[in-house]
Amino acid sequence: MARLISGSAFQRPIEQFFEEKSVFDKTTLAALKKLATDSKQPFETVLIKESGLPEETLFRLLAEAYNLPFCETDETVPFADLPERLASVCAREKLLVISLVDKSLLLATFQPARIRNITPLFTTLGYEASFQVTTSSRVALLIASAPETDSPQDDLFSGIHSLASTLKSSENRPREAEKINDISISLDTPSVSELVNKTLLLAVNQGASDVHAESTQHGARIRFRIDGVLVDRLELDTSTAAGFFSRLMIMSHLDITEKIMPQDGSFKVTCEDREVEFRIACMPGIFGPNIVLRLLSGAESVKLSLETIGMLFDELEIIRNVTRSPHGMILVAGPTGSGKSTTLYGVLESLADPRLKFITIEDPVERRIQGVQQIQVRINRNEPERSLTFARGLRTILRLDPDIIMVGEIRDAETAQISMQASMTGHLVLSTVHANSSAETLGRLQNIGVDFHLLMSCLNLVFSQRLMRKLCPECKKGRAPDEKEKALFGKMAVEQVFSAQGCPNCLKMGYTGRTGIFEFLQITDEIRDLVAQNGLIESMKFIREKRLRTLFDSALIKVSRGLTDFSELERVCGPCL
Ligand SMILES: [Zn+2]
């Protein structure tokens, strides 16, 4: 096993660390693992509660497992001496502040697994946070002195609404009267750019993936996509909307006089010290422009592990098995926004090894990973011969002697062929295909003209995935399953199911964050024979009936564990009740 790269985004499973360390004998370790599985809790939680190790020893080991220092000092900055918002976030997240110099913050946590979730909070507050590990009893002792917490979102949220309403002009001019002159006048009003900035900031703070600004008969409606679902955020009147759209278009260097053709572009802004890139797509509609902004947080160095993506134990085992081979191909299938690239990043990070060379070619690069060479696809419309396509990039990459290659997406036969060749000449190739299921992926590749026998011989694993919203742990409500639900669970003994409510923690949506559901199809020799004898369609029918855990089965497991609810299952997998 390779050593972890210090401070990088790479992390191996915590169980494995304790196994390698031989902290426990085999029986104890197995018992702890079983307890974690049975009680459906993270291994780490069980470890803290049940390991029987002296507290300091345990947390020192955890620190080592996460490659973090153990906090050796007794000094902390009292909550009363911290800026109010910082103090309230630290108290809520159960963190001690060891030091605060300028904007760099040293924090002590007893839950290192949560660091990846909480780091963005500090980034949005404008701090650069680094972490040490301390014991849970020390945190419990000091946190008692912390102030009452409130939601840091509230002030920005109410602020933006009052700003939008003060901008509402008393006289609402009809759309027809709108002229280019009007736009330039409204642009001079500084508060329109303030409104745009605050909207972008709110989107970043609420973890939106996209901002949708749509012209309507009466102005515009602004919605955010959060965890895959659109939520209304603002209504603008006609004149404010005109200013809003123009400001966005100018920021991204689009032509504001263009009323017919679609345009696209991008811009970067610094939101509370964090650089965020927005990709903009603008399409003129009958009432005015429709704009979609996609947020790309390039500088993010959040830890990603396959466990946190939502893979189950046996699925992780398959990934581990398959990636042990130094060559071959792994494909992830799913529609846009199903988390395919996040999963591939997770796989890359699970493979972390400084002795190997990793190169990716992506469109766009969604997340920067330390220790990985990432290349961005660039299409030059004016001079197509000067475009860097997937196929062209991939051919160059092969000359750079990589061990592991990630190809953002396989869209054409050429890219598929080069990827397959690479996977047969000592490279491990990871990629995604825009398809609904594992079986459909194979069909899709066959349709674009890929040599199917070649594909079957180099492919190790194909899996499809979707994302489901997770219930907010603060407000989810449990009840006994009804008869129909029990029937769906079948052999699974489920005593309680949960449903979404809504509270300040989840911005009243009832859900926070997402988890993946998967359908794994490992291409073993047995499957290769089956497909060779019976053809793809017949074989898939057979495999499905026999043993494939479908997306639906996977979703049902998440419901049975109280992670999500039936309405989310139906939203993602279709009606079933
Ligand atoms: Zn809630």
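The following legends describe close-up views of a predicted model.

**View 1. The chain as a whole.** The chain holds 23 helices and 18 strands. Of its 577 residues, 35% count as buried. Among contacts in the chain with a separation of 6 or more, 65% are accounted for by residues 24 or more positions apart.

**View 2. An open sheet of 6 strands with antiparallel pairing.** Read across the sheet, the strands follow the order S6-S5-S4-S9-S8-S7. Strand S6 (229-237) and strand S7 (263-271) stand at the edges and have a single partner strand each, so that one side of each is left without a neighbour in the sheet. On average, and with direction ignored, neighbouring strands of this sheet are turned by 20° against each other. Strands of a sheet pair through backbone hydrogen bonds, and this can be either parallel or antiparallel.

**View 3. Strand S5 beside S6, with helix H11 packed on the sheet.** Strand S5 (residues 219-226) runs antiparallel to S6 and is joined to it by 8 bridges, and within this pairing Phe 224 has Val 231 in S6 as its bridge partner. Helix H11 (residues 238-251) packs on the sheet, where it touches strand S4 (210-216), S5, S6, S7, strand S8 (274-284) and strand S9 (289-296). The direction of H11 makes about 115° with that of S6.

**View 4. Strand S4 between its partners S5 and S9.** S4 and S5 form a hairpin with 2 residues between them, and 7 bridges join these antiparallel strands. One of the paired residues is His 212, whose bridge partner in S5 is Arg 223. Towards S9, which also runs antiparallel to S4, there are 5 bridges, and here Val 211 stands opposite Leu 293. In a regular strand the side chains alternate between the two faces of the sheet. In S4, the covered face carries Val 211, Ala 213 and Ser 215, whereas Asp 210, His 212, Glu 214 and Thr 216 belong to the uncovered face.

**View 5. The crossing of helices H20 and H21.** The axes of helix H20 (residues 525-534) and helix H21 (residues 536-546) come within 7 Å and cross at roughly 135°, and the two helices are therefore oblique to each other. Their crossing is right-handed. On the H20 side the contact involves Ile 527, Leu 530, Val 531 and Asn 534, which meet Leu 536, Glu 538, Ser 539, Phe 542 and Ile 543 in H21. The residues of this contact divide into 6 nonpolar, 2 polar and 1 charged.

How values were computed:
Residues numbered from 1 in each chain as written. Predicted model: local features only at pLDDT ≥ 70, side-chain atom pairs only at ≥ 80, totals over all residues. Pairing = 2+ DSSP bridges. Helix = DSSP H or I, 4+ residues; strand = E, 2+ residues; numbered from the N terminus. Axes fitted to C-alpha atoms, helices over the stretch in contact; angles between N-to-C directions. Contact = placed C-beta atoms within 7 Å. Buried ≥ 20, exposed ≤ 12 C-beta atoms within 10 Å, placed from the backbone. Parallel < 35°, antiparallel > 145°, perpendicular 65-115°, else oblique. Left-handed = near helix turned anticlockwise from the far one by under 90°. Nonpolar A, V, L, I, M, F, W, Y, C, P; charged D, E, K, R; others polar.
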